[in-house]
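Please go through the structure shown below by question and answer.

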There are 2 protein chains.
Amino acid sequence: MKADALRGHLDPMILAVVEDQPLHGYAIMEALLERSGGELDLPTGTLYPALRRLERAGYLASEWSTVGGRKRRTYQLTSAGQKMLASGKQEWLTFRTVVEGVLRPGQA
Amino acid sequence: MKADALRGHLDPMILAVVEDQPLHGYAIMEALLERSGGELDLPTGTLYPALRRLERAGYLASEWSTVGGRKRRTYQLTSAGQKMLASGKQEWLTFRTVVEGVLRPGQA
DNA sequence: CTTAATAAGTAGATTCGCTACATGTTGCCG
DNA sequence: CGGCAACATGTAGCGAATCTACTTATTAAG
C-alpha cells in the first residue's frame, strides 16, 4: 500500500482504535496492525507525531504512567475527538462513494 | 471532502475516466465531476499538473488539436497506464478493506 | 552478553494537492 | 457593441502529512 494513500485517513483511524478504551502509542500501533490484518504497519516517525498533533488539536488527551519500568503515554478520546471521529466516519463513506463512482472497481 | 484525502487516489481516478475513450483536460474535469456526483470539482492547478505528471510517467499520451478555435490537449491511456489503472483498482480494494477494518464505520 | 521486544521521540526530505495568478477563445445576453 | 460566462490550458509557490533515519532507554530471552 502506497504511503500517500493514507493521507488524511490516518487521523480517524487512530481515533477509532482508542474509541473503546485508552491505549498508549505502542499499543495503538499494534491495534492498527491487528485491525488492518497486518497491512497497516506504521513507522514510529509517523505515529508519534500524529498523536501529538491530535492532542494539540484537542482530539486526544494523554497521561504518563510507568508499567514494568517502561514509561507509557496513554491517550484517550476527548469529547471533541468523539465528534471528530463520528464526522470522520461519515466523510469516509462519502469519500468511498466518490472514489468508487469514478473508479468503478470490480470490472477489469 | 478534505483535500488531503485525495492524495494517492487521484491518479487512478484520472486514468479511469480516460479508460473508455480519450479526453482532453477540461473534459476530464467534467467527467470527474459527473462521475462523483458533483463532489470532485478539481481546480485547474491540481488537474493540469497531474496530467503532465502522468504523461511524464508514461501512463498517458497526449496530442494537440484545435476544435472551434480552441486548443485542446487530448490524453489517452497507454498500455503502461492500463496496467497502472488495473493495479490502482486492486490497491483501492485493499485500502478500503484496511480502512474499514480499522474504522468500523456504520456504527455510531 | 547480546539481541528482540517494548516504549517514545526528533530532524529533515519528499510529495502533491491547493490557492492565486496568467492567457486567450467563443458565444450569449442586453 | 460591451461585458460576462463558459471553454481551455497552464505556472509558481505554499503547506501539511507521511516517510526514512536516527536517538534513547528498559526488560526479557537466548
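A residue is counted as buried if 20 or more other C-beta atoms lie within 10 Å of its own, as exposed if 12 or fewer do, and as partly exposed in between. The model is predicted.

Q: Which residues of α1(A) are buried?
A: A residue needs 20 or more other C-beta atoms within 10 Å to count as buried. Helix α1(A) is mostly covered, with seven of its eight residues buried. They are D11(A), P12(A), M13(A), I14(A), L15(A), A16(A) and V17(A).

Q: What covers the buried residues of α1(A)?
A: The cover comes from both chains. From chain B it includes α4, and from chain A it includes β1 (23-24), α2, α3, β3 and α4.

Q: What pattern does chain A follow along the sequence?
A: The secondary structure of chain A comes to four helices and three strands. The C-alpha trace of the chain spans about 55 × 30 × 20 Å along its principal axes. Read along the sequence, the pattern is α-β-α-α-β-β-α.

Q: What percentage of the residues in chain A is buried?
A: Among contacts in chain A with a separation of 6 or more, 45% join residues 24 or more positions apart. Chain A has 108 residues, and the buried share of them is 32%.

Q: How many residues of chain A are in contact with chain B, and which element gives the largest share?
A: The contact joins 33 residues of chain A to 33 residues of chain B. On the chain A side, the elements giving two or more residues are α1 (10-17), α2 (25-35) and α4 (79-103). By class, that side has 18 nonpolar, six polar and nine charged residues. The total for chain A is 33 residues, and the largest share, 13 residues, comes from α4(A).

Q: What relation superposes chain A on chain B?
A: Chain A superposes on chain B by a rotation of 180 degrees with 0.0 Å of shift along the axis, at an RMSD of 0.1 Å. That is the relation of a two-fold axis.

Q: Why do the copies meet through the same surface, and which residue of chain A comes closest to the rotation axis?
A: Of the interface residues of chain A, 100% are also interface residues in chain B, so the surface is the same in the copies. The residue of chain A closest to the axis, at 3.0 Å by its C-alpha, is R7(A).

Q: Which residues of α4(A) are buried?
A: Helix α4(A) has 25 residues and reaches 36 Å from first to last C-alpha, close to the 36 Å expected at 1.5 Å a residue. Cover for its buried residues includes α1, β2 (60-67) and β3 of chain A, together with α1, α2 and α4 of chain B. The buried residues are G81(A), M84(A), L85(A), G88(A), W92(A), F95(A), V98(A), V99(A), V102(A) and L103(A).

Q: Which residue just after α4(A) takes a positive phi?
A: The phi angle in question is about 45 degrees. The residue is R104(A).

Q: Which residues of the largest nonpolar core touch the most other members?
A: The core has 52 residues. Leaving out residues up to four places away in sequence, V17(A) touches L23(A), I28(A), A31(A), L32(A), R35(A) and V102(B). The residues that touch the most other members of the core are V17(A), V102(A) and V102(B).

Q: Is R35(A) buried, exposed or partly exposed, and why?
A: R35(A) lies in helix α2 of chain A. Beyond four places in sequence, R35(A) touches V17(A), G101(B) and V102(B). Because R35(A) has 19 C-beta neighbours inside 10 Å, it counts as partly exposed.

Q: Which element gives the most residues to the surface near DNA strand C?
A: DNA strand C is surrounded by 31 residues, the closest being G25(A), G45(A), G45(B), T46(B) and G69(B). By class, this surface has 13 nonpolar, ten polar and eight charged residues. With six residues, the element that gives the most is α3(A).

Q: Which residues come nearest to DNA strand D?
A: There are 29 residues around DNA strand D. Their classes are eleven nonpolar, ten polar and eight charged. The nearest are A3(A), G45(A), T46(A), G69(A) and G25(B).

Technical notes:
Residues are numbered from 1 along each chain as its sequence is written. Chains are lettered from A and ligands numbered from 1 in the order in which they are written. This is a predicted model: local features need pLDDT of at least 70, side-chain atom pairs count only at pLDDT 80 or more; totals for chains, interfaces and linings use all residues. Two residues are in contact if their C-beta atoms, placed from the backbone, lie within 7 Å. Ala, Val, Leu, Ile, Met, Phe, Trp, Tyr, Cys and Pro count as nonpolar, Asp, Glu, Lys and Arg as charged, and the others, Gly among them, as polar. Copies are superposed by least squares on the C-alpha atoms of residues with pLDDT of at least 70 in both. A residue is near a molecule or strand if its C-beta atom, placed from the backbone, lies within 6 Å of it. A nonpolar core is a set of buried Ala, Val, Leu, Ile, Met, Phe, Trp, Tyr and Cys residues joined through C-beta atoms within 7 Å. The expected span of a helix is 1.5 Å times one less than its number of residues.
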